[in-house]
Amino acid sequence: MRASHTHSADRERWDARHAVDVAADAGAPAPPDALRGRTELLPAGGRALDVACGRGAVAVWLAARGFAVDAVDVSPVALDAGRELAAREGVTVRWVLHDLDAGLPASEPDSCGAHDVVVCQRFRDPARYPELPALLAPGGLLVITVLSEVDEGPGPFRAAAGELRAAFGALEVLHHVERAGEASLVARVSGPASVPGRR
Ligand SMILES: C[S@@+](CC[C@H](N)C(=O)[O-])C[C@H]1O[C@@H](n2cnc3c(N)ncnc32)[C@H](O)[C@@H]1O
């Protein structure tokens, strides 16, 4: 993957938000919310992609578990915070400045079908849904959390009830929950699971 053009409105808005967050809190590695209490669903190792990674908490957590991680976001401020967190934790992540409005890095030849784990947490763009499974290798795991209308009511960034299952129900759904304004889904692409160390 390589850096691509960035949409200035998204970038400026999110840079400002991340700058406030960085000033308040240095951040810490954390599993994806949808995998809390079920980290045994993760493949044994391989390559991971964090889509809209923010300040890198999940990307660094995955790297600390031995995954080779690509982490994509539109905000240079967020990626710098991720770099600092990775340095503090002694792990390496490939940080990619990329505007997801231009599509997922699936268009990059080394990304399609290459990842054993794809995480997309609190970045909701239904236009990107059909592209997410294409990033996964056979046996790979999709881990997604979005804001939801369930228990909250409508909102411009919220998924309608059933949105994730409708989008990803063709995969093997291992976990799906919608409550308290969030929806999460963990699903596996059919095929053999990865082996540790494969890139
Ligand atoms: C609510 S934050 C979630 C961050 C992280 N996934 C997490 O769970 O903490 C949404 C993220 O999406 C990123 N983002 C927003 N629009 C984007 C775009 N067009 N392309 C890439 N990233 C974008 C923001 O910079 C921000 O880091």
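1. The largest cavity is lined by Val51, Leu104, Cys120, Phe123, Asp125, Arg128, Tyr129 and Leu132. A cavity here is a set of points on a 1 Å grid, laid over the protein atoms alone, where a 1.4 Å probe fits but cannot get out, and a lining residue has an atom within 4 Å of a point. The volume of this cavity is about 50 Å³, and the count of cavities of 30 Å³ or more comes to 1. Volume is the space filled by probe spheres set on the points, which are joined across faces, edges and corners. The lining divides into 6 nonpolar, no polar and 2 charged residues. In these classes, Ala, Val, Leu, Ile, Met, Phe, Trp, Tyr, Cys and Pro are nonpolar, Asp, Glu, Lys and Arg are charged, and the others, Gly among them, are polar.

2. A word on the basis of all this: the model is predicted, with local features needing pLDDT of at least 70 and side-chain atom pairs counting only at pLDDT 80 or more, while totals for chains, interfaces and linings use all residues. Residues are numbered from 1 along each chain as its sequence is written, and side-chain values use heavy atoms, with hydrogens and water left out.

3. Where does the ligand sit? The space it takes is the largest pocket; a pocket is an open set of grid points with protein on both sides within 12 Å along at least five of seven lines, and a molecule sits in one if more than half of its atoms lie within 2 Å of its grid points. The largest pocket holds about 1,100 Å³ of space. It has 38 lining residues, and Trp14, Ala52, Gln121, Arg122 and Phe123 are the closest to its centre. By class, the lining has 17 nonpolar, 6 polar and 15 charged residues. Helix 1 gives the largest share, 6 residues.

4. Around the ligand itself there are 16 residues, the closest being His18, Ala52, Asp73, Leu100 and Gln121; the cut-off is a heavy atom within 4 Å. The shell has 6 nonpolar, 5 polar and 5 charged residues.

5. A backbone N or O atom of Leu100 lies 2.8 Å from one, and a backbone N or O atom of Val74 lies 3.2 Å from a ligand nitrogen. In the side chain of Asp101, an N or O atom is 3.5 Å from a nitrogen of the ligand.

6. Lastly, the second largest pocket has a volume of about 160 Å³. Its lining includes Asp33, Arg38, His175 and Glu182. Strand 6 (172-179) and strand 7 (182-188) each supply at least two lining residues; strands are DSSP runs of E, at least two residues long, and helices are runs of H or I, at least four, both numbered from the N terminus.

Key:
Polar contact = N/O pair within 3.5 Å; in protein donor to acceptor, adjacent residues only side chain to side chain.
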